[in-house]
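Here is a short report for a first look. Keep the sequence and the model side by side as you read.

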Amino acid sequence: MGEFKDHSAKQVIREQWCMPLLKFIHDSLGCKLIYLGLPGPEAIDLLSWIDYIEQVIAFQCRDYPKPSSVSQSKARVQELEGKLRELERQGKIKTFAVYDGYIEEVILKGKDTNGNHFNQHDIVTIYNLDFCNGITAPLTVVDEKGNSRNFYKSEAIRKLLEIQRDISSSSRCKKFIMFLTIHSGFWFEEEKRFISQNQDKDIKQYINTLNKLNGWPKRIKLLKAYMYQIIRNFFCHCDFTPEFLPVLYYQGIGKEKENWLMHFTFIGSFNKQLSGLAPCFQNPQDFLDQKFLVIKNNKLGQIDINGVKEVDCPQDLVKAFENSQCYKQLWSKKR
């Protein structure tokens with residue numbers, strides 16, 4: 001979204017982590033995929049995954065991190081449009097749409113900076129939500145009347161799931177993969193509320209095990225638990241059974257020395273129940289106790305955090321998903 005260039009860690013994530021999973025999703029569904037996300041003007045992720053993609057819904061802000069304005073240069077939006085138009089001309093994708101503005105603003109307002117209304121007519125199979133900052137950092141937007149409103153990325157994720165749930169006229173099954181990258185810096189007030197107000201038994205028990213930790217180990221463990229709770233709730237309340245795959249923790253580029261990012265991977269499967277709440281088959285501890293993946297010498301590895309119970313991450317992530325109850329109950333059979 002901002003002036004962020006490609007670097008080796010992103011290449012490893014894109015090629016060694018995302019690519020095998022995308023190929024698996026593509027082969028399992030038996031069709032090319034619909035992408036929704038933040039590819040950036042260079043569209044590097046899209047170009048790398050183009051063999052598996054059929055349609056693109058993209059978002060591009062003009063002048064990160066400034067509030068959207070028609071007075072700002074549209075060069076970055078036009079650069080992305082040009083790349084996608086060329087892919088369409090070459091027959092590599094069937095169609096595309098580029099929305100001018102921040103994704104949370106466009107999704108929650110329902111229109112972009114130019115007044116174009118957001119439309120999603122078919123099932124998205126790849127969400128690539130590569131955010132520049134924390135999940136709890138608000139985007140403040142001033143409307144035409146001068147009133148301020150805060151938009152949150154978490155709200156946008158929930159809205160996207162609601163849109164996906166409510167699409168009825170599609171030949172595609174409602175199964176998808178969601179990549180979510182956020183800054184590991186935590187909004188302090190939200191962290192305190194998460195610790196003090198949490199009533200979920202499993203999460204509360206997990207938080208208590210982190211008392212011996214301090215600094216970044218505790219911060220990323222808490223953020224992992226926070227993301228598990230809100231994503232599980234969003235998915236299940238929108239009729240999707242979630243599957244949580246291991247989390248990558250890596251250093252980004254930029255002026256800040258502590259520019260550490262977390263890359264989450266969720267798989268969603270439509271599973272409507274009479275109760276109005278889709279089940280989550282995964283044991284919370286199986287996910288929360290997993291070690292973080294890191295990037296060592298351009299390869300995926302694990303990091304050990306002493307003082308807490310941890311288990312190794314699966315070595316073959318596609319096979320790990322195939323062995324999950326989510327796959328066995330909702331993917332191995334045509335639904």
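In which helix does leucine 87 lie? Leucine 87 lies in helix α3, residues 75-89. Helices here are DSSP runs of H or I, at least four residues, numbered from the N terminus.

## About the model

This is a predicted model: local features need pLDDT of at least 70, side-chain atom pairs count only at pLDDT 80 or more, and totals for chains, interfaces and linings use all residues. Residues are numbered from 1 along each chain as its sequence is written, and side-chain values use heavy atoms, leaving out hydrogens and water.

## Leucine 87

Leucine 87 has a relative accessible area of 6%, so it is buried (under 20% relative accessible area, with a 1.4 Å probe and protein chains only). Its contacts (heavy atoms within 4.5 Å) include Leu47, Ile50, Lys92 and Ile93, not counting residues up to four places away in sequence. Leucine 87 and isoleucine 50 are 37 residues apart in sequence. Their C-alpha atoms are 9.0 Å apart in space.

## Arginine 232

Arginine 232 sits in helix α8, residues 215-237. Arginine 232 counts as buried because its relative accessibility is 12%. Leaving out residues up to four places away in sequence, it touches Asp200, Met227, Pro242, Phe244, Cys280 and Pro284.

## Helix α1

Helix α1 covers residues 8-29, 22 residues in total. From first C-alpha to last it reaches 30 Å, close to the 32 Å expected at 1.5 Å a residue (1.5 Å times one less than the number of residues). Just after α1, glycine 30 takes a positive phi of about 75°.

Definitions and conventions:
Helix = DSSP H or I, 4+ residues; strand = E, 2+ residues; numbered from the N terminus. Buried < 20%, exposed > 50% of the residue type's maximum accessible area, 1.4 Å probe, protein only.
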